Amino acid sequence: MRISHHKFRELQSEYDFQIKLVEWFYIQYPREHVVHVPNEGKRTVQFGRKLKRMGMLKGFPDLLVPIPNKNYCGLVMELKKGNNKSESDQKNIQDYLESKGFKVCRDVKKFDQAVELIKQYMANR
């Protein structure tokens, strides 16, 4: 399957957005961690099955901050660029995580928005 030039640019900008955000996070909170679960990308059917057996979960949010605050057990964030929105797999996982006590930030489209959400969350520890 080929990815169109437009879709590739959209994906690339989402990757850049995430990298910039993770770099910012470690500058602001050098003793804490943010985690990315690499569940995107194309794989062979066999390798996809192996990853699923290893615990990979389709639709898991882009970033996990495994730090509890006064109201939540952790923060998860789904980053999107352009007109992209969470797909049904992603929405189901987001709903599940929210029901388990996570702060879920859905379809965060701008760096400044993501920074503000993280700052608010971390200030409430």
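Gln-90 counts as buried because its relative accessibility is 13%, buried meaning under 20% relative accessible area with a 1.4 Å probe and protein chains only. The model is predicted, so local features need pLDDT of at least 70 and side-chain atom pairs count only at pLDDT 80 or more, while totals for chains, interfaces and linings use all residues. Residues are numbered from 1 along each chain as its sequence is written, and side-chain values use heavy atoms, with hydrogens and water left out.

Gln-90 belongs to helix α3, residues 88-99; helices (H or I, at least four residues) and strands (E, at least two) are DSSP runs numbered from the N terminus. Beyond its neighbours within four places in sequence, Gln-90 is in contact with Gly-59, Glu-78, Lys-80 and Lys-85, contact meaning heavy atoms within 4.5 Å. With Glu-78 there is also a side-chain to side-chain polar contact of 3.1 Å. A polar contact is a pair of N or O atoms within 3.5 Å; within protein, one must be able to donate a hydrogen and the other to accept it, and residues adjacent in sequence count only if both atoms are side-chain atoms.

Next comes the sheet. It is open, with 3 strands in the order β1-β2-β3 and mixed pairing; two strands pair if DSSP finds at least two bridges between them. Strands β1 (63-65) and β3 (102-108) are at the edges with a single partner strand each, so one side of each has no neighbour in the sheet. Strand β2 (residues 74-79) pairs with β3 in the parallel sense over 5 bridges, and Val-76 stands opposite Val-104 in β3.

Helix α3 lies across β2 and β3, at about 155° to β3. Angles run from 0 to 180 degrees between N-to-C directions, and axes are lines fitted to C-alpha atoms, for helices over the stretch in contact. Helix α4 (residues 111-123) also packs on the sheet, touching β1, β2 and β3, and its direction makes about 175° with that of β2.

In soluble globular proteins, nonpolar side chains tend to be buried together. The largest nonpolar core here has 19 residues, of which Leu-21, Phe-25, Met-77 and Ile-118 touch the most other members. Such a core is a set of buried Ala, Val, Leu, Ile, Met, Phe, Trp, Tyr and Cys residues joined through side-chain atoms within 4.5 Å. Two or more residues come from each of α1 (5-28), β1, β2, β3 and α4, and α4 gives the most to this core, with 5 residues. Another core, of 7 residues, lies apart from it and includes Phe-60, Ile-93, Leu-97 and Val-104.

How values were computed: Buried means under 20% relative accessible area, exposed over 50%, partly exposed in between (1.4 Å probe, protein chains only).
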